[in-house]
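Subject: Structure for you to look at

Dear colleague,

I am passing on the structure below, and I would be glad if you could read my notes with the picture open beside them.

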Amino acid sequence: PSSLRPGCLENYRIMLPLCMEYGVPVIVDSDAHDPTAVGNFSLATALLDEIGFDEELILNNDLQKVKKFLLERN
């Protein structure tokens, strides 16, 4: 989740549980629409914690998971 502006948050509350249900990995990043928010993951991590998102499905919390994901796509 990146863009947690009004209106987007509810979409993520629908999409993220579906990602867990179907085993779809996600990448978490900061909201680059506002330069002061770059590198601030607090809103995204709060949402992931709130819905109990499976950390195994977060690709960019472990370099080896990212590499494995990319290699499997070739």
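Ile 14 is found in helix α1, where helices (H or I, at least four residues) and strands (E, at least two) are DSSP runs, numbered from the N terminus. Ile 14 is exposed, with a relative accessible area of 54%; buried means under 20% relative accessible area, exposed over 50%, and partly exposed in between, with a 1.4 Å probe and protein chains only.

Before going further, please keep in mind that this is a predicted model, in which local features need pLDDT of at least 70 and side-chain atom pairs count only at pLDDT 80 or more, while totals for chains, interfaces and linings use all residues. Residues are numbered from 1 along each chain as its sequence is written, and side-chain values use heavy atoms, with hydrogens and water left out.

The protein chain has three helices and zero strands, and of its 74 residues 26% count as buried.

What makes up the largest nonpolar core? Its 11 residues are Tyr 12, Leu 16, Cys 19, Val 26, Val 28, Ala 44, Leu 47, Leu 48, Phe 53, Leu 57 and Ile 58, and the elements that give two or more residues to this core are α1 (8-22) and α2 (42-51). A nonpolar core here is a set of buried Ala, Val, Leu, Ile, Met, Phe, Trp, Tyr and Cys residues joined through side-chain atoms within 4.5 Å.

In α2, the buried residues are Ala 44, Leu 47 and Leu 48, and they lie on the same side of α2 because they cover an arc of only 100° around the axis, the arc being that of the directions from the helix axis to the C-beta atoms. An α-helix has 3.6 residues a turn, so residues three or four places apart point the same way. The face of α2 turned away from its buried side carries the exposed residues Leu 43, Asp 49 and Glu 50, and just after α2, Gly 52 takes a positive phi of about 70°.

Leaving aside its neighbours within four places in sequence, Leu 57 is in contact (heavy atoms within 4.5 Å) with Cys 19, Met 20, Gly 23, Val 24, Pro 25 and Val 26. Leu 57 and Pro 25 are 32 residues apart in sequence, yet 4.4 Å apart in space, C-alpha to C-alpha.

With best wishes
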